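Please go through the assignments made for this model one at a time, setting each value against the criterion behind it.

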Amino acid sequence: MAEQNAPIRVGLLGAGTVGSQTARLLVEQKDELAQRIGRPIELSGIACLDPEEVDFPWIDRSLLTSDTMSVVKNADIVVELIGGTGVARTFVLEAMNNGASVVTANKALLAKYGPELYKTAEDNNVDIYFEAAVGGAIPIVRPLRESLVGDQVKDMLGIVNGTTNYILDEMTTKGLDFDVALKEAQAKGYAEADPTGDIEGYDAANKAAIMATLGFHTNVGIDDVTVEGITHITADDIAAATAEGKVVKLLAVVGKDEHGVSARVYPALIRNEHPLASVRGSFNAVFVRAEYADDLMFYGRGAGGAPTASAVVGDIVTVARHIAAGCTGPAIRMYNDYPIAPLSTSKAAFAVRFLIHDNPGVLAKISTIFAKNGVSINGVNQDLKPTLKDPGYDGEIQQLRLVTHMTDEMTLRATVAEVCELDCVTGDPSIIRVLD
Ligand SMILES: NC(=O)C1=CN([C@@H]2O[C@H](COP(=O)(O)OP(=O)(O)OC[C@H]3O[C@@H](n4cnc5c(N)ncnc54)[C@H](O)[C@@H]3O)[C@@H](O)[C@H]2O)C=CC1
Ligand SMILES: N[C@@H](CC=O)C(=O)O
Ligand code: NA
């Protein structure tokens with residue numbers, strides 16, 4: 001009987017943005033969570049790199065240690081909030097092999113080592129839960145893993161990175177520079193320890209890999225995702241979008257067709273009336289289309305300490321309930337072995353921006369190359385950029401923007417490369433997809 005009422009020990013690895021807030025939610029709601037679980041839970045240890053630097057009024061300093069393995073070994077639930085694919089993997093595997101269940105927010109770890117981790121959980125008869133790994137506070141992992149398990153997911157489309165959504169939103173609505181907006185996102189706790197992963201699209205790609213794996217019951221890893229970030233999006237791109245009644249958003253797009261499964265991350269132009277256009281700041285949103293449920297939409301805070309901690313603590317309670325009941329949740333089985341659809345099957349409409357010499361005949365040369373390659377142009381506009389210069393050319397520079405009809409991506413990219421060979425074209429082109 002004493003055993004049945006003994007507190008369930010929760011070992012926290014990491015006391016940063018998410019770890020510190022997870023500790024707060026556990027401490028502040030201790031009594032109520034015990035009632036929800038039917039057994040008390042206690043924080044048995046908190047590991048971090050430098051305990052001296054952790055100073056939150058709700059954290060009992062005697063629990064802090066830099067001996068992470070000791071926390072792993074003395075817990076029933078290990079909560080991994082360190083991040084990255086290095087030591088986090090070692091600690092998570094050790095925890096499960098030691099009989100502990102795991103809760104993690106670490107999408108990079110799951111997108112790289114998912115199959116190994118899911119199998120280790122099943123082999124050891126323990127849980128691995130990770131609601132916070134996709135869409136922060138938004139319940140999306142559990143709906144894919146449990147609620148929609150009686151359905152067939154067709155595709156998913158979403159904004160799954162809070163940092164880039166915040167940056168693009170601030171650039172659009174306040175005219176902020178990219179770097180200033182990024183610094184703000186870091187200060188608000190949205191960005192990864194190394195924000196390169198956010199702005200280059202890899203964080204969203206990790207999430208796309210997890211979504212595809214759960215949605216299609218097949219292994220999709222980070223290396224299977226085609227990734228394009230937002231670092232090449234300029235104030236000019238945003239201004240052009242605004243002028244056309246559109247916004248630029250970084251999207252994760254996951255689907256399945258006769259060529260296989262695809263998971264892609266790229267910035268896209270979307271109409272102001274599109275529901276994703278109104279997803280602002282650090283909010284995320286995911287659309288899921290399922291065979292029988294039809295369209296579903298999930299929306300909420302995708303990043304930040306407290307919202308992410310809400311998802312983490314939700315998982316801790318779920319896993320603690322399983323421990324109290326002597327069971328585990330559903331295993332993650334990748335029983336399908338779908339191929340990854342090649343990029344050559346990708347089709348879209350594109351907005352392409354070139355910097356060109358302001359001379360007669362330039363537009364004709366460019367449109368000839370487009371026509372020769374079978375890429376149909378839907379719209380053109382041009383404006384003078386008097387502040388830009390091309391060394392070796394005395395005239396002025398124009399910005400030429402072409403919007404194509406639906407075309408295949410490889411042909412479009414080859415066409416743009418061919419145009420860039422022209423002497424009258426300067427600088428780097430910009431290519432952004434246009435969503436219907
Ligand atoms: N910040 C956010 O909005 C979100 C973060 N996540 C994920 O949550 C995880 C944690 O992210 P943040 O809290 O933002 O990171 P953070 O950089 O603020 O905190 C990391 C913590 O891990 C500790 N740590 C590093 N190496 C350690 C080791 N060997 N042993 C023990 N502790 C160690 C650090 O001392 C620090 O306390 C990451 O996987 C991240 O991708 C997921 C969703 C949202
Ligand atoms: N860096 C991530 C944090 C949440 O997953 C983001 O910006 O979305
Ligand atoms: Na989530």
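Q: What makes the backbone oxygen of Val160 and the side chain of Lys207 a polar contact?
A: In this predicted model, where local features need pLDDT of at least 70, side-chain atom pairs count only at pLDDT 80 or more, and totals for chains, interfaces and linings use all residues, the backbone oxygen of Val160 lies 2.7 Å from a polar atom of the Lys207 side chain. A polar contact is a pair of N or O atoms within 3.5 Å; within protein, one must be able to donate a hydrogen and the other to accept it, and residues adjacent in sequence count only if both atoms are side-chain atoms. Side-chain values use heavy atoms, with hydrogens and water left out, residues are numbered from 1 along each chain as its sequence is written, and chains are lettered from A and ligands numbered from 1 in the order in which they are written.

Q: Why is Lys207 called buried?
A: Buried means under 20% relative accessible area, exposed over 50%, and partly exposed in between (1.4 Å probe, protein chains only); Lys207 has a relative accessible area of 3%, and is therefore buried.

Q: Which residues are in contact with Lys207, leaving aside its neighbours within four places in sequence?
A: With contact meaning heavy atoms within 4.5 Å, the residues are Lys107, Ala133, Val134, Gly135, Val160 and Asn161.

Q: Which residues are around ligand 2?
A: A residue counts here if one of its heavy atoms lies within 4 Å of the molecule, and the residues around ligand 2 include Lys107, Tyr190, Glu192, Asp203 and Lys207.

Q: What makes strand 10 mostly covered?
A: In strand 10 (residues 260-271), 11 of its 12 residues are buried.

Q: How do you know that strand 9 and strand 10 pair?
A: Two strands pair if DSSP finds at least two bridges between them, strands being DSSP runs (E, at least two residues) numbered from the N terminus; 12 bridges join strand 9 (residues 246-257) to strand 10, and the two run antiparallel.

Methods: Helix = DSSP H or I, 4+ residues; strand = E, 2+ residues; numbered from the N terminus.
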